[in-house]
Amino acid sequence: MHNQDSLDPAVAARLKRDEQGLVAAVVQQHDTLEVLMLGWMDDEALHRTLTTGRVTFWSRSRGEYWRKGDTSGHRQYVRSVALDCDGDTLLVRVDQVGAACHTGTRTCFEAGGELPTVVGHRPDETAEETR
């Protein structure tokens, strides 16, 4: 029988952690599909996220757990959690209240901004554009 105070061993066995015992957690708004941020979770942070309805991360800089929104009020309410095929990345779909980024912007990618890049086109798109 599984201990309710720890991560389900079947889930834990599927995780491919980095050298610090962490997996990346991509956070996405459940209805608009905006990618809000990236955080890091260890087994305990994932357990808390799966069992409390709120997202908990492991802060690599502070070396402690933090539940999104406890100090800012910008909470993330869990809607679903999925594990990628390699077991090294989580997709956490949430209902985000307020800003997801510590800078105060809706997403961390909005705060970071677009990088200059060459836009790629599929071969069939390129053919259409030249007609």
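The following legends describe views of a predicted model of one protein chain.

**View 1. Secondary structure and overall extent of the chain.** The predicted chain contains four helices and six strands. From one end of the sequence to the other, these elements are arranged as α-β-β-α-β-β-β-β-α-α. The radius of gyration is 18 Å, well over the 14 Å that the globule rule gives for 131 residues, so the chain is more spread out than a compact globule. Along the principal axes, the C-alpha atoms occupy a box of roughly 65 × 35 × 30 Å.

**View 2. Burial and contacts within the chain.** Of the 131 residues in the chain, 27% are buried. Among contacts with a separation of 6 or more, 41% join residues 24 or more positions apart.

**View 3. Accessible surface and charges.** The chain carries 15 positive and 21 negative charges. The mean position of the positive charges lies 5 Å from that of the negative charges.

View 4. R14 belongs to helix α1, which covers residues 9-14. Is R14 buried or exposed? The relative accessible area of R14 is 54%, over the 50% cut-off, so R14 is exposed. Leaving aside residues up to four places away in sequence, R14 touches L83 and G87. R14 and D84 are separated by 70 residues in sequence, while their C-alpha atoms are 9.8 Å apart in space.

Terms used:
Residues numbered from 1 in each chain as written. Predicted model: local features only at pLDDT ≥ 70, side-chain atom pairs only at ≥ 80, totals over all residues. Heavy atoms only, no water. Helix = DSSP H or I, 4+ residues; strand = E, 2+ residues; numbered from the N terminus. Rg over C-alpha atoms; globule rule 2.2 N^0.38 Å. Buried < 20%, exposed > 50% of the residue type's maximum accessible area, 1.4 Å probe, protein only. Contact = heavy atoms within 4.5 Å. Lys, Arg positive; Asp, Glu negative; His and termini not counted. Charge placed at Lys NZ, Arg CZ, Asp CG, Glu CD.
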